[in-house]
Amino acid sequence: MACSVIKCPLCEVTTMESCPFCAIVNKQLPAELIYEDEYCVAFKDIRPQAPVHVLVVPKVHVACADDVSDPQLWGRLMSAVKTVASQLGVAGAYRIVVNCGESAGQTVPHLHIHLLAGRGLQWPPG
Ligand code: 5GP
Ligand code: ZN
């Protein structure tokens with residue numbers, strides 16, 4: 001599936017086999033895995049922006065939020081977020097962020113939910 005939002009070299013010239021988060025899902029790229037189920041994996045962000053910074057991603061390659069065709073996927077991802085937050089002891093004290101598109105800050109063209117916690121979080125976000 002090509003990335004329809006970000007014109008990144010990965011998406012333009014290769015298949016999802018070259019997607020870094022697909023590689024993590026397929027255990028071809030190392031990551032600190034926190035959680036895995038039939039639909040999702042969660043792993044620590046390589047450049048954490050908070051003491052707890054986990055990415056929850058679908059196992060299937062979906063480029064961005066706009067490309068979600070099955071709304072049930074959101075339920076599965078959010079269920080994983082809740083489980084991970086509880087597992088990490090931050091239930092009731094976390095922020096979730098989904099950047100959709102380059103201008104919103106999306107840099108990896110595989111849908112992911114940021115789960116941030118463990119410090120004061122300002123509002124509005126930058
Ligand atoms: P975005 O900017 O697309 O919303 O978020 C992408 C996130 O993925 C960033 O916070 C970045 O630090 C993280 N990231 C990028 N590449 C890797 C990687 O190979 N491994 C892990 N664990 N995180 C990554
Ligand atoms: Zn992917």
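## Burial and overall makeup

Let's call a residue buried if 20 or more other C-beta atoms lie within 10 Å of its own, exposed if 12 or fewer do, and partly exposed in between, with C-beta atoms placed from the backbone. On that count, 26% of the protein's 126 residues are buried.

A word on the source: this is a predicted model, where local features need pLDDT of at least 70 and side-chain atom pairs count only at pLDDT 80 or more, while totals for chains, interfaces and linings use all residues. Residues are numbered from 1 along each chain as its sequence is written, and chains are lettered from A and ligands numbered from 1 in the order in which they are written.

The protein has 3 helices and 5 strands, taking DSSP runs of H or I with at least four residues as helices and of E with at least two as strands, numbered from the N terminus. Along the sequence the pattern goes α-α-β-β-β-α-β-β. As for contacts (C-beta atoms, placed from the backbone, within 7 Å), 61% of those with a separation of 6 or more link residues 24 or more positions apart.

The 5 strands make an open sheet in the order 1-2-3-5-4, with antiparallel pairing; strands pair if DSSP finds at least two bridges between them. Strand 1 (33-36) and strand 4 (94-97) sit at the edges with a single partner strand each, so one side of each has no neighbour in the sheet. From one strand to the next, the twist averages 20°. Helix 3 (residues 72-87) packs on this sheet and touches strand 1, strand 2 (40-44), strand 3, strand 4 and strand 5. Its direction makes about 150° with that of strand 3 (axes are lines fitted to C-alpha atoms, for helices over the stretch in contact, and angles run from 0 to 180 degrees between N-to-C directions).

## Strand 3 and its partners

Strand 3 is mostly covered, with 6 of its 7 residues buried. On one pairing, strand 2 and strand 3 run antiparallel over 5 bridges, and Phe43 stands opposite Leu55. Strand 3 (residues 52-58) is also joined to strand 5 (residues 113-117) by 5 bridges, again antiparallel. Here Val56 stands opposite Ile113, and His53 stands opposite Leu116.

## Around ligand 1

There are 13 residues around ligand 1, and Ile46, Arg47, Asn99, Thr107 and Val108 come nearest; being near takes a C-beta atom, placed from the backbone, within 6 Å. The shell splits into 6 nonpolar, 4 polar and 3 charged residues.

Conventions. Ala, Val, Leu, Ile, Met, Phe, Trp, Tyr, Cys and Pro count as nonpolar, Asp, Glu, Lys and Arg as charged, and the others, Gly among them, as polar. Two residues are in contact if their C-beta atoms, placed from the backbone, lie within 7 Å.
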